[in-house]
Every structure is written in C-alpha cells, then in structure tokens.
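Please read the following points beside the sequence and the model. They go from the chain as a whole to its helices and then to single residues.

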Amino acid sequence: ATCFLWNGCALGGMVSLPDLIIAEEVNRNEQQSKGGSSQAGAMYGSKQLVYRMASSAQGMVTGVVLSLSGYKGGAALVTTTAKYGIGTLAGFIPSVCYVCA
C-alpha cells in the first residue's frame with residue numbers, strides 16, 4: 001500500500017507540474033511584453049499535442065510488444081513469453097522512459 005501511495009504522489013506531481021510551469025511562463029511572458037499578444041494558447045496547445053503524441057506512441061508500443069511476445073487475448077493460458085512481454089510493458093519500458101525524461 002505504501003508503494004502505491006508514493007507512486008500516486010509521483011504521478012500526481014508529473015501531471016500537475018507542466019501546468020504550473022506553463023502558468024509561470026505565461027505570466028512572465030505577459031509581464032515582459034507591453035501590450036503584445038498572449039502566448040498562453042500556443043503553450044497549452046503544445047502541451048496537449050505532446051500528450052496526444054505520447055498516448056498514440058504508447059498504444060503502438062503496447063500493440064507491438066504484445067504481438068511480438070505472442071500474447072493472445074482471451075486465451076485460457078498465458079505463455080511465458082507473453083508474461084515477459086507484459087512485464088516489459090509494466091516495468092522495463094516505463095523505467096527507460098523515466099530515465100530518458
């Protein structure tokens with residue numbers, strides 16, 4: 001239970017932190033530009049574009065890994081290679097992405 005609590009805190013920070021950074025950047029940008037146009041829409045739109053691209057890539061990677069590992073949906077028994085594929089999706093790939101970020 002403690003592991004899930006710490007994981008929730010970490011994920012909550014990762015979700016809310018980009019919005020706080022964008023809000024600070026928009027505020028700084030508006031203070032520096034005297035009567036210029038606001039960049040808030042472009043900044044929030046760029047964030048959403050990155051989120052959508054990451055979601056699409058996640059779906060593609062999941063499909064490729066499950067198909068390469070031999071996973072069959074609805075099968076009575078899950079093969080050992082399919083279990084390794086699921087473990088890779090749940091542990092190794094997120095760890096690599098976290099380190100690269």
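1. Of the 101 residues of the chain, 7% count as buried, where buried means under 20% relative accessible area, exposed means over 50%, and partly exposed covers what lies in between, with a 1.4 Å probe and protein chains only as cover. The chain exposes about 7,900 Å², and carbon and sulfur atoms supply 68% of that area; accessible areas come from the Shrake-Rupley method with a 1.4 Å probe, and for residues only the protein chains shown count as cover.

2. On the basis of these values: this is a predicted model, in which local features need pLDDT of at least 70 and side-chain atom pairs count only at pLDDT 80 or more, while totals for chains, interfaces and linings use all residues. Residues are numbered from 1 along each chain as its sequence is written, and side-chain values use heavy atoms, with hydrogens and water left out.

3. The chain has three helices and zero strands, so that helices and strands here are DSSP runs numbered from the N terminus, with H or I of at least four residues for helices and E of at least two for strands. Read along the sequence, the pattern is α-α-α. Among contacts (heavy atoms within 4.5 Å) between residues at least 6 apart in sequence, 38% join residues at least 24 apart.

4. Helix α2 covers residues 40–68, and at 1.5 Å a residue its 29 residues should span 42 Å, which agrees with the 42 Å between its end C-alpha atoms; the expected span is 1.5 Å times one less than the number of residues. For α3, the 21 residues should span 30 Å and the end C-alpha atoms are 29 Å apart, which agrees.

5. Which residues does K47 touch, not counting residues up to four places away in sequence? K47, which is placed in helix α2, touches P18, D19 and I22, and it counts as buried because its relative accessibility is 12%.

6. S69 lies in the loop between α2 and α3 (80–100), and with a relative accessible area of 9% S69 is also buried. Leaving aside residues up to four places away in sequence, S69 touches T79, T81, A82 and G85. Just after α2, G70 takes a positive phi of about 85°.

7. Side chains of opposite charge can pair when their charged atoms come close. A search of the whole structure finds one salt bridge, meaning a side-chain nitrogen of Lys or Arg within 4 Å of a carboxyl oxygen of Asp or Glu. The side chains of R28 and E25 meet in a salt bridge at 2.5 Å, N to O, and both residues lie in helix α1, three residues apart, about one turn of the helix. R28 counts as partly exposed at 39% relative accessibility, and E25 is partly exposed at 30%.

8. I21 is found in helix α1 (residues 2–32) and is exposed because its relative accessible area is 51%. Together with L17 and L20, I21 forms a nonpolar patch on the surface, with about 300 Å² of accessible area; patches are made of residues with over 30% relative accessible area and no salt bridge, like charges being joined within 9 Å and nonpolar side chains (Val, Leu, Ile, Met, Phe, Trp, Tyr) within 5 Å.
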